[in-house]
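Colleague: I would like to take one part of this model and look at it slowly, before going on to anything else. Could you help me read it with some care?

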Amino acid sequence: MAILEYIVGLGPSVMLPVIIFLFGLLVKASPSTAFRSGLIVGIGFVGINLVIGLLVNSLGPAAKDMVNNLGVDLNIIDVGWPATSAISFGSTVGALAIPIGLAVNMVMLFFGLTKTLNVDLWNLWHVAFTGALVSILTGSLAMGIVTAFVHTIIILVLADLTAKHVQDYYGYPNISFPHGTSTPYYLIALPMNKLFDAIPGVRNIKADPDTIQKRLGVFGEPMVLGLILGAFIGVLAGWNVQEVLLLGVQMAAVMLLLPRVTAILMEGLMPISEAAGDLVKKRFPNRDLYIGMDSALAVGQPAVIASTLLLIPIVLGIAAFLPGNRVLPFADLVTIPFIICLMVPVFRGNVFRTVVTGGVAIGLGLLIATYISPIFTTAAMNAGFEFPQGTNQISSLVDGAVPTTAIMVFASKLGYVGLLGIGLIFLVVAFYQKKKTAKLEAERKEEYSA
Amino acid sequence: MAKKIAVICGTGAATSTIIMSKLSKFLKEKEINAQTTQSNVNAIANSYKDFDLIVSTTHVPNSVTTKTINAVPILTGIGADKVFAEIEEELKE
């Protein structure tokens with residue numbers, strides 16, 4: 001126990017390499033691969049820390065001056081999913097997220113409660129995230145670990161539910177998206193679609209994705225968006241031309257560098273993730289399974305991109321005028337595709353419906369992101385992210401604004417009963433799904449024999 | 001002259017990293033001289049003209065006229081050889 005405490009005390013850029021190395025050996029990667037992987041993950045962590053430093057130190061003062069200048073209180077900076085994932089994996093629960101994710105997946109596969117074999121271990125950061133928040137909120141590591149367990153179940157069940165859309169709409173057979181950000185919004189899209197269908201006039205509104213992409217495409221490029229936003233916020237802050245231009249280029253740099261440094265973290269995790277995936281695949285051969293993949297596969301679809309381009313200014317507008325919101329959306333504006341990519345199939349590519357639903361969902365999400373920002377900031381500090389004294393708070397849209405984040409945080413306030421209750425609900429859904437699939441297969445067999 | 005390949009995904013961070021590493025290994029083994037760049041789908045819509053080939057794990061806008069190869073099989077492992085053969089073929093010309 002003392003050893004574990006000592007390792008965690010070293011901070012994530014030292015702790016993660018050690019843990020990745022040990023986990024690598026456990027899943028039978030060679031010692032040299034495991035060592036390299038661990039070190040690269042540590043380097044990725046250091047890189048993300050540097051870029052987030054640039055973001056907070058340059059956008060932070062602008063956000064503060066904007067508050068003074070305009071009275072728009074958007075003082076919480078959206079640091080985006082790259083930082084959120086690093087903070088999550090850098091937490092104590094995060095260090096256990098991959099083994100937890102694998103264990104839950106194996107057990108659910110064994111009992112037939114899921115058809116998804118998740119080989120996308122990177123995206124277990126989502127369960128590390130809620131786990132880390134809950135453990136900080138409750139002061140109990142055990143509660144955080146239970147949260148990670150329950151959240152893994154939720155994501156696997158939702159991945160099964162949405163797999164048919166991944167196949168029919170996106171054209172990826174035998175693939176599902178056990179993705180913490182994308183899947184929950186499917187449950188919002190279902191009732192919204194019914195609502196749209198019921199309103200005369202509205203039910204016929206459409207928008208052409210290709211035209212939107214052609215007209216607005218340039219603003220979707222992260223570095224261009226960073227430049228424009230940075231300069232715009234500088235102007236709103238009342239800064240002079242020199243400062244405005246500098247902030248614009250700095251924010252363009254953040255947008256370009258964030259995915260680059262995150263790719264380093266990913267590069268380190270990859271060989272270990274593959275070794276673990278192979279090991280799990282060996283356990284479940286010849287079964288009709290979905291391979292769980294990153295929903296990044298879907299985000300290039302024209303309706304997804306077109307809706308994102310429209311949502312970027314809408315989300316900024318909502319952020320400025322929504323009472324109670326204090327989050328300044330920034331780094332995750334380019335992550336909006338992940339939020340909407342499982343809504344789009346429900347709406348059959350209807351951009352209008354996606355934008356309205358996305359706007360409502362992200363708008364409410366901003367309030368979640370505002371609410372959790374103190375815990376989020378603490379999690380970042382625990383993970384060794386350095387902020388100057390008296391600096392801004394941070395949060396993110398992905399996953400700070402995702403409904404499951406609110407569900408897990410509020411459930412944890414009821415104690416274990418709340419968390420286990422949520423887990424139980426989703427297990428019941430999984431059980432019902434299992435029965436339904438079995439019934440369908442039996443009927444199919446009957447048809448063939450008749 | 002070395003051909004220029006863009007390896008892209010939705011973010012330019014996640015799945016494209018996996019493809020980058022596997023593609024680099026493949027090119028080294030086959031001793032093919034090509035220059036690989038990692039990028040994302042929104043950037044490629046503006047910069048596709050700078051590349052001879054795009055290897056993507058996601059849908060690419062219709063406006064992109066550069067030859068594009070779907071790299072999802074490399075991720076799943078099912079049919080990966082076929083995709084690599086296609087890439088090799090494309091780089092020969």
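How many bridges join strand E1 (residues 76–78) of chain A to E5(A)?

Modeller: Two bridges join E1(A) to E5(A), and the two strands run parallel, where strands (E, at least two residues) and helices (H or I, at least four) are DSSP runs numbered from the N terminus, and two strands pair if DSSP finds at least two bridges between them. This is a predicted model, in which local features need pLDDT of at least 70 and side-chain atom pairs count only at pLDDT 80 or more, while totals for chains, interfaces and linings use all residues. Residues are numbered from 1 along each chain as its sequence is written, and chains are lettered from A and ligands numbered from 1 in the order in which they are written.

Strand E1 belongs to an open sheet of three strands in chain A, with the order E5-E1-E6 and parallel pairing. Its edge strands are E5 (327–328) and E6 (393–395) of chain A, each of which pairs on one side only.

Leaving aside its neighbours within four places in sequence, A:Ile77 is in contact (C-beta atoms, placed from the backbone, within 7 Å) with A:Leu328 and A:Phe330, with A:Asn392 and A:Ile394, and with A:Leu55, A:Val56, A:Leu59, A:Gly60 and A:Ala63. Helix H3 (residues 31–70) of chain A lies across E1, E5 and E6 of chain A.

Three bridges join E2(A) to strand E4 (residues 290–292) of chain A, and A:Leu117 stands opposite A:Ile291 in E4(A).

Around these sheets, chain A has 16 helices and six strands, and its C-alpha trace spans about 80 × 65 × 40 Å along its principal axes. Buried residues make up 57% of its 450 residues, and among the contacts in chain A with a separation of 6 or more, 79% are between residues 24 or more positions apart. A:Ile188, in helix H8 (residues 184–198) of chain A, counts as partly exposed because it has 18 C-beta neighbours inside 10 Å. Apart from neighbours within four places in sequence, A:Ile188 is in contact with A:Thr357 and A:Ala361, and its C-alpha atom is 9.4 Å from that of A:Gly358, 170 residues away along the chain.

Finally, chain A also meets chain B, with 30 residues of chain A in contact with 28 residues of chain B.

Notes
A residue is buried if 20 or more other C-beta atoms lie within 10 Å of its own, exposed if 12 or fewer, and partly exposed in between; C-beta atoms are placed from the backbone. Two residues are in contact if their C-beta atoms, placed from the backbone, lie within 7 Å. Axes are lines fitted to C-alpha atoms, for helices over the stretch in contact, and angles run from 0 to 180 degrees between N-to-C directions.
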